[in-house]
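Me: I am new to this structure. Please show me how to read it, one feature at a time.

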Amino acid sequence: RPVALSMERKCPGTLVEKTIISHDTRLFRFSLPSEDHVLGLPVGQHIGLSYTGDDGKLVSRSYTPVSSNDEIGYVEFVIKVYRPNERFPEGGKLTPHIDDLPIGAHIDMLGPKGKLTYMRRGRFEIK
């Protein structure tokens, strides 16, 4: 199966479903480039999600999916949305943007990221 993630190029993820879990937490499902793609994320790694803001600046944060690397055609994230409030007037840099995406909109994914990889049977590799 083709692998979606690469550190050499961004992979567009298309928002196909958003489920409200609580007042500030959502389950986001993004489709991969095709229904045949797998994510290609080793255990212990994470993915950078990013977009370019209206000011032209790149906004990027790393997340660990809750879906299995065995899933075909999609990836899922459970993300807490940090809206502006009294304590944090600016809110989160990325999470409000993701929460405001309409179904069918894209976000860039880059990875795998991280220095720790689980190699099975209690063994880890640290880069």
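Reply: Start with leucine 27. Contact means heavy atoms within 4.5 Å. Beyond its neighbours within four places in sequence, leucine 27 is in contact with Glu17, Lys18, Thr19, Ile21, Val66, Glu76, Phe77 and Val78. Leucine 27 belongs to strand β2; strands (E, at least two residues) are DSSP runs, numbered from the N terminus. This is a predicted model, where local features need pLDDT of at least 70, side-chain atom pairs count only at pLDDT 80 or more, and totals for chains, interfaces and linings use all residues. Residues are numbered from 1 along each chain as its sequence is written, and side-chain values use heavy atoms, with hydrogens and water left out.

Me: What separates the C-alpha atoms of leucine 27 and aspartate 70?

Reply: A distance of 18 Å, with the two residues 43 apart along the chain.

Me: Which residues touch the most other members of the largest nonpolar core?

Reply: First, the general idea. In soluble globular proteins, nonpolar side chains tend to be buried together. A nonpolar core is a set of buried Ala, Val, Leu, Ile, Met, Phe, Trp, Tyr and Cys residues joined through side-chain atoms within 4.5 Å. Buried means under 20% relative accessible area, with a 1.4 Å probe and protein chains only. Here the largest core has 23 residues, and Phe30, Ile47, Leu49, Phe77, Leu94, Ile98 and Met109 touch the most other members. The elements giving two or more residues to this core are β1 (11–22), β2 (25–31), β3 (46–52), β4, β5 and β6 (106–113). Take isoleucine 47: beyond four places in sequence, its contacts include Leu5, Phe77 and Met109.

Me: Is serine 67 buried or exposed?

Reply: Serine 67 counts as buried because its relative accessible area is 14%. Look for it in the loop between β4 (58–63) and β5 (74–80). A polar atom of its side chain lies 2.9 Å from the backbone nitrogen of glutamate 76. Leaving aside neighbours within four places, serine 67 is in contact with Tyr74, Val75 and Glu76.

Me: And serine 50: buried or exposed?

Reply: Buried, because the relative accessible area of serine 50 is 6%. Serine 50 sits in strand β3. Not counting residues up to four places away, serine 50 touches Lys10, Leu58, Val59, Ser60, Ile107 and Asp108.

Me: Which peptide bond is cis, with omega near 0°?

Reply: Most peptide bonds are trans. The bond from glycine 111 to proline 112 is cis, with omega near 0°. Proline 112 lies in strand β6.

Notes
Helix = DSSP H or I, 4+ residues; strand = E, 2+ residues; numbered from the N terminus. Buried < 20%, exposed > 50% of the residue type's maximum accessible area, 1.4 Å probe, protein only. Polar contact = N/O pair within 3.5 Å; in protein donor to acceptor, adjacent residues only side chain to side chain.
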